[in-house]
Amino acid sequence: MPLPFKHPNIQLPNNYAQAENRLIGLKRRLKADERYYADYCSFMSDIISKGYARKVDDEFKDEVGRTWYLPHHGIYHPQKAKVRVVFDCSATFEGHCLNDKLLQGPDLTSNLLGVLTRFRQEKYAFMADIEKMFFQVRVRKEDQTFLRFLWWPNGNLEQKAEKYCMTVHLFGTVSSPACATYALQHTADDNEDNYGTEVANTLRRNFYVDDVLKSASTEDKSIELAKDVKAVCGNGGFNLTKFVGNTERIINSIPDEHRAENVKNLTLGQDKLPIERALGVIWCIESDTFNFRIELKDKPCTRRGILSTISSIYDPLGFIAPVVLVGKKILQDICLSNNWDEPVDNATRNRWEKWRNELCLLESLKVPRSFKPAEFGKIVSAQLHCMSDASTCGYG
């Protein structure tokens, strides 16, 4: 797919000097941190060996106005040990930046609440994600000149940096989510006749970016769906991996190499199934419930600190909205009188500390993942009832 530029005859200044200066700063950090250097080199070697990036050859010289260099840096995920190299597509040079020249495209991503709600529909469930989803969608060759970067051959910092370019859509460009999701939905369209509407709709409605969360009414159906969804993704060039299911039989149906790390070495039938994150929600697979893990950082008892603490509680399905509302009410009250960094009065502090200290009790709360009770039987008809009431201070 092409890079979706706002104007076809795009002209950008040559920002090679900017990329070179940023590389000098990166070099200092790589030399100062052995682990960072090793992880960075491993990432770069991986994307080059897999064809996601390539060395620039002579046929692509620096064409005036049609070349752009991306500075880059590495970040560590809080829950992962690996570094991810991020290409800075928002870097500005002489008033220009790559992201400003690209169309964002339509929001094709399924609604987070919708995906999680559909995940709760049936008794049997599985979860997986696409390996390096954005990297599976190639950029046409004439647009790769806008995705250049500098790197040392074989990671040798003593040699002169060479020119490389990305060959795929990457994390950081404003257009990548729409392009990658479009490619996935196109894959669903291409394979619907062969695999059926339910499998195609799983790609359309049960993916949140690169994560799929799917439930089914029977174990056999869940196993078949997992197999077919993986096959369809593979037909589109997407490798669906890190599978986990809520029964041993579902897990056993997945080859070892495509299972999530937490279930690869389990002795099924003896070991307990692990706890995983389902789009950020804690899913205890053994009990098939959603749990809460409250990890609060020390923040000053000010309007800013209180807002930060409340915002750190992740609850997209609103299970603990009645509890969080108490904290929000405290914030609401001090917004009338306090500035951002002014300490609150003693009465408010006591209210806040009491509420904050009780949050750890939420870790004992367990919400069944599936709406249906065990052995509920076939649903003949379903109704949705909504109740509402007015309040002067909050809503949920």
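This is a predicted model: local features need pLDDT of at least 70, side-chain atom pairs count only at pLDDT 80 or more; totals for chains, interfaces and linings use all residues.
Two residues are in contact here when their heavy atoms lie within 4.5 Å of each other.

Leaving aside neighbours within four places in sequence, L98 is in contact with F5, W68, L70, C89, F146, L147 and T173. L98 is also one of the residues with the most contacts inside the largest nonpolar core, alongside I47, F87, W151 and M166. This core has 40 residues. At least two of its residues come from each of the helices α1 (16-32) and α2 (34-49), and likewise from each of the strands β3 (83-87), β5 (148-151) and β6 (162-166). The most is given by α2, which provides six residues. Another core, of 28 residues, lies apart from this one and includes I130, L225, A226 and V232.

The backbone also deserves attention at two positions. Most residues other than glycine have a negative phi. K242, however, has a positive phi, near 55°, and D288 likewise has a positive phi near 55°. K242 is found within strand β9, which covers residues 240-245, whereas D288 is found in the loop between β11 (281-284) and β12 (289-291).

Is D288 buried or exposed? Its relative accessible area is 17%, and because buried means under 20%, D288 counts as buried. K242 has a relative accessible area of 43%; this value falls between the 20% and 50% limits, so K242 is classed as partly exposed.

Methods:
Residues are numbered from 1 along each chain as its sequence is written. Side-chain values use heavy atoms; hydrogens and water are left out. Helices (H or I, at least four residues) and strands (E, at least two) are DSSP runs, numbered from the N terminus. Buried means under 20% relative accessible area, exposed over 50%, partly exposed in between (1.4 Å probe, protein chains only). A nonpolar core is a set of buried Ala, Val, Leu, Ile, Met, Phe, Trp, Tyr and Cys residues joined through side-chain atoms within 4.5 Å.
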